[in-house]
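Hello,

Here is the structure we talked about handing over.

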Amino acid sequence: MFIEKPAGTWSAYVKKAIKVSLYQYEFDALVSLAFNIGNIASKAPNLCKFINDCNYIDGPKEMLDINKITLNGKKIPDRGLTKRRNSEYQLFMKGVYNAQH
C-alpha cells in the first residue's frame, strides 16, 4: 500500500481539532479515524465539537455514523466501514485495541 502523507499528518489533524486532554487510547482512536477520513475537523465537525465540550458520550457516537458509501447516488452503510468505525468507537470508549480483520 502506498501512503501519500507522512504518518504525523493524522496525529496533527487530531491535535489541531481537539483542544481537550485525551487518554492515549482516545487519541489513538481519533488518529485511526483521521487516517481513514482525513481532516477530522472538516469531515467530522460534530464529533470534534462534542469532544471539545467534554461530551465523551455523544462525541464518539459520531464515529458510528461515518460508515456510508455512495451507491447509485444513495448513501448506504458499508459493512467494512461499519466494522472499522465500531472498532474505533470501542477503542475510544473502552481502550480496546482490536485489529481483527
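Is Tyr 23 buried or exposed? Tyr 23 has a relative accessible area of 55%, so it is exposed. Please keep in mind that the model is predicted.

Aromatic pairs

A pair of aromatic rings is described by the distance of the centres and the angle of the planes. The structure has two aromatic pairs. Trp 10 is buried, at a relative accessible area of 10%, whereas Phe 35 is partly exposed, at 36% relative accessibility.

Tyr 23 also takes part in a pair, and its partner is Tyr 25. These two rings are stacked: their centres are 5.5 Å apart and the angle between the planes is 0 degrees. Tyr 25 has a relative accessibility of 26% and counts as partly exposed.

Packing of H1 and H2

The axes of H1 and H2 are 8 Å apart, and the helices pack at an angle of about 115 degrees. Their crossing is right-handed. On the H1 side, the contact is made by Trp 10, Ser 11, Tyr 13, Val 14 and Lys 15. On the H2 side, Phe 27, Leu 30, Val 31, Ala 34 and Phe 35 take part. Of the residues in this contact between H1 and H2, eight are nonpolar, one is polar and one is charged.

Salt bridges

How many salt bridges does the structure hold? There are two. One joins Lys 49 to Asp 53, with the closest N and O atoms 2.7 Å apart. Asp 53 is partly exposed, and its relative accessible area is 47%.

Arg 85 and Glu 88 also meet through their side chains in a salt bridge, at 2.6 Å from N to O. Both residues lie in helix H6 (residues 79-94); they are three residues apart there, so about one helical turn separates them. Arg 85 is buried, with a relative accessible area of 1%. Glu 88 is buried as well, at 3%.

Regards

Key
Residues numbered from 1 in each chain as written. Predicted model: local features only at pLDDT ≥ 70, side-chain atom pairs only at ≥ 80, totals over all residues. Heavy atoms only, no water. Phe/Tyr/Trp six-rings, centres within 6.5 Å; stacked < 30°, edge-to-face > 60°. Buried < 20%, exposed > 50% of the residue type's maximum accessible area, 1.4 Å probe, protein only. Salt bridge = Lys/Arg side-chain N within 4 Å of Asp/Glu carboxyl O. Helix = DSSP H or I, 4+ residues; strand = E, 2+ residues; numbered from the N terminus. Axes fitted to C-alpha atoms, helices over the stretch in contact; angles between N-to-C directions. Left-handed = near helix turned anticlockwise from the far one by under 90°. Contact = heavy atoms within 4.5 Å. Nonpolar A, V, L, I, M, F, W, Y, C, P; charged D, E, K, R; others polar.
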